[in-house]
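Subject: Structure handover

Hello,

Here is the structure for your files. My notes on what turned up follow below it.

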Amino acid sequence: AGVDSQKQTEHLMTHKMHLPKVILRTITGNASMYLPSYIGAFGTYLDTWMPLGFVIISFVLIIFVASTVKNDFFLSPFQKSVFFITALSLFSLLVLSQHLIWNAVGNDAVDSIQGRYLVPIFPLLFICFGNRWIQLKTIPVLLVILFVFVSNSMVCEVLYERYVKEIYLERVAIK
């Protein structure tokens with residue numbers, strides 16, 4: 001309904017500040033869609049989600065590991081800014097592509113971004129968390145192993161409940 005990539009391109013060329021507005025509104029307004037689905041949303045229509053608490057703990061653990069793992073290389077603030085700007089540029093291009101293809105002409109935000117689209121972008125952001133001051137050798141490794149085991153168990157449970165277990169809306173006993 002109202003989707004036309006040619007007209008959308010013309011609209012963006014005419015209204016120069018519309019694209020930055022779309023990018024900003026997508027980052028701030030639609031994070032509840034793409035962030036949880038980056039961690040765990042299943043199904044063609046993303047109809048099976050991991051619990052919100054699991055998603056939050058996952059992001060906290062990712063950032064903790066990214067900022068405490070011992071690395072053989074260190075990035076200067078300039079290098080981190082290059083990674084950050086690259087990630088932001090890639091996200092902006094992603095928003096632009098989705099805006100041209102899926103949005104009605106003149107729409108103010110992109111709401112169709114799924115977490116899987118961010119798989120090549122987020123590692124660039126996670127690299128920015130590395131530092132020289134806090135470095136733990138074994139705790140992140142043990143946490144990751146434990147987390148992978150627990151999260152895979154949770155995923156199996158969620159997928160079992162959604163796709164395998166028979167659901168009875170009512171049961172009729174024939175005697």
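**Salt bridges**

Asp 108 and Lys 21 form a salt bridge through their side chains, at 3.7 Å from N to O. The term means a side-chain nitrogen of Lys or Arg within 4 Å of a carboxyl oxygen of Asp or Glu. Asp 108 sits in the loop between H5 and helix H6 (122-127) and Lys 21 in helix H2 (residues 18-29), so this pair ties together parts that are 87 residues apart in sequence. Helices here are DSSP runs of H or I with at least four residues, strands are runs of E with at least two, and both are numbered from the N terminus.

A word on the source before going on. This is a predicted model, where local features need pLDDT of at least 70, side-chain atom pairs count only at pLDDT 80 or more, and totals for chains, interfaces and linings use all residues. Residues are numbered from 1 along each chain as its sequence is written, and side-chain values use heavy atoms, with hydrogens and water left out.

The side chain of Arg 25 meets that of Asp 108 in a salt bridge at 3.0 Å, N to O. This pair also links distant parts of the chain: Arg 25 is in helix H2, Asp 108 is in the loop between H5 and H6, and they are 83 residues apart.

How covered are these residues? Asp 108 is partly exposed, at 25% relative accessible area. Lys 21 is partly exposed too, at 37%. Arg 25 counts as partly exposed at 40%. The classes are: buried under 20% relative accessible area, exposed over 50%, partly exposed in between (1.4 Å probe, protein chains only).

How many salt bridges does the whole structure hold? The search finds three. Glu 161 is partly exposed at 32%. Lys 165 is partly exposed at 38%. Shared partners join Lys 21, Arg 25 and Asp 108 into one network. As background, side chains of opposite charge can pair when their charged atoms come close.

**Overall fold**

The chain has seven helices and two strands. Along the sequence they follow the pattern α-α-α-β-β-α-α-α-α. The radius of gyration is 21 Å, well over the 16 Å that the globule rule gives for 175 residues, so the chain is more spread out than a compact globule. That radius is taken over C-alpha atoms, and the rule is 2.2 Å times the number of residues to the power 0.38.

The C-alpha trace spans about 75 × 50 × 20 Å along its principal axes. Of the 175 residues, 31% are buried. Among contacts with a separation of 6 or more, 77% join residues 24 or more positions apart. A contact means heavy atoms within 4.5 Å.

The accessible surface comes to about 11800 Å². Carbon and sulfur atoms hold 68% of that surface. Areas come from the Shrake-Rupley method with a 1.4 Å probe; for residues, only the protein chains shown count as cover.

**Nonpolar patch**

Which residues make the nonpolar surface patch of about 340 Å²? They are Ile 27, Phe 84, Ile 85 and Leu 88. Patch members need over 30% relative accessible area and no salt bridge; like charges are joined within 9 Å, and nonpolar side chains (Val, Leu, Ile, Met, Phe, Trp, Tyr) within 5 Å. Helix H5 (residues 77-102) gives the most to the patch, with three residues. Leu 88 is found in helix H5 and is partly exposed at 39%.

**Other sites**

Ser 89 is also in helix H5. Its relative accessible area is 36%, which is partly exposed.

Asp 72 lies in the loop between helix H4 (52-68) and H5. Asp 72 is exposed, at 77%. Its C-alpha atom is separated by 43 Å from that of Asp 108, 36 residues apart along the chain.

Is Ser 151 buried or exposed? Ser 151, in helix H7 (residues 139-164), counts as buried at 9%. The side chain of Ser 151 reaches the backbone oxygen of Val 148 at 3.2 Å.

Best regards

Note on methods
A polar contact is a pair of N or O atoms within 3.5 Å; within protein, one must be able to donate a hydrogen and the other to accept it, and residues adjacent in sequence count only if both atoms are side-chain atoms.
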